Amino acid sequence: MEANPLEGCHIGLLRWFVAATQILGLSAVIITGVWLGHYQGGFAWDGSAQQFNVHPLCMVLGMVFLYGDAILVFRTLRNESKTTAKILHASIQLLALVAVIVGTIAVFDFHTAQKIPQMYSLHSWCGLITIILFCLQWVMGLTFFLLPTLSYSLRAIYHPYHVYFGMGLFILAIGTCLAGITEKLLFSISTTYSKYDPQGILANVLGLLLVSFGFVVGYILSRDEWKREASPEEEALSMHFKTLTEGGSPDSQRDQ
């Protein structure tokens, strides 16, 4: 069977877009570190403002960059087994979850130490909702797709919801980060922000990088030709799994 020349062109284009996500995502993490390290006094774990700085760094790293990379696993690992892709996806999400937990503890400890009320802003509400849903999403994904405990039909029913809520949480995470950046700037440079303070400009650039990262990741996911195709061996295993659990045979379908 002759190879489709357009397929090679599409894959080559995919590589460029994936490279763009890494440049944008890593730039966002680095600029976050520079902003907090240079303008906000660095990092510590002593209840001071420097402990608060751990929070935005961990959230940008975990809820945006690592989360986005985990989403892209099923587009980038096209020649690896589906099980390998699932394990890597769950592992990156677990790393993101660890970063999020550290960042959450940091900000709650800081508020307690400084006697600042907890959970009063829209940013904190959206953030807590995002974290709770992210934990649930990870547990549900592990239960449905990595542990061999549920039937094929239940996995098939849940799969589109997992994809939808995964992308929805990614968008919510970026929006929450933008709200947090604005809140931090208004607290720290409220009198000079409107005068194009360099710190404000750097933080605004960070926000644009986060939005750009989200747009490129979303665009990659929207392209049907970049979806990972199941191999014949995976199709056979899928049919065998459904036969064992339900006595039927599954229709061939693409991985999302």
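**Notebook: aromatic pairs and a pocket**

I began with the rings and found that F65, Y67, F134, F170 and F213 form one aromatic cluster. For a pair I took rings of Phe, Tyr and Trp (its six-membered ring) with centres within 6.5 Å; planes under 30 degrees apart are stacked, over 60 edge-to-face, and the rest tilted.

The model is predicted, and local features need pLDDT of at least 70, side-chain atom pairs pLDDT 80 or more, while totals for chains, interfaces and linings use all residues. Residues are numbered from 1 along each chain as its sequence is written, and side-chain values use heavy atoms, with hydrogens and water left out.

**Entry: pairs**

I searched the whole structure and got twelve aromatic pairs. I looked up F17 and W226: their ring centres are 5.6 Å apart and the planes stand at 50 degrees, so the pair is tilted. F17 is in helix α1 and W226 in the loop between α7 (198-222) and α8 (232-246), so this pair ties together parts 209 residues apart in sequence. Helices here are DSSP runs (H or I, at least four residues), numbered from the N terminus.

I then checked exposure (buried is under 20% relative accessible area, exposed over 50%, partly exposed in between, with a 1.4 Å probe and protein chains only). F17 is partly exposed at 24%, and W226 is buried at 0%.

Next I took F52 and F110, whose ring centres are 5.4 Å apart with planes at 55 degrees, so this pair is tilted. The pair links helix α2, which holds F52, to helix α4, which holds F110, 58 residues apart. Both F52 and F110 are buried.

I returned to W226 and noted the charged end of R223 over its ring, 4.4 Å from the centre. The criterion is CZ of Arg, or NZ of Lys, within 6 Å of the ring centre and within 35 degrees of the ring normal.

**Entry: pocket**

I looked up the second largest pocket and read a volume of about 740 Å³. A pocket is an open set of points on a 1 Å grid where a 1.4 Å probe fits, with protein on both sides within 12 Å along at least five of seven lines; lining residues have an atom within 4 Å of a point. The volume is the space filled by probe spheres set on the points.

Of the 35 lining residues, F52, H55, V107, H123 and E183 are closest to the centre of the second largest pocket. I noted that α6 gives the most to this lining, nine residues.

Methods: Helices (H or I, at least four residues) and strands (E, at least two) are DSSP runs, numbered from the N terminus.
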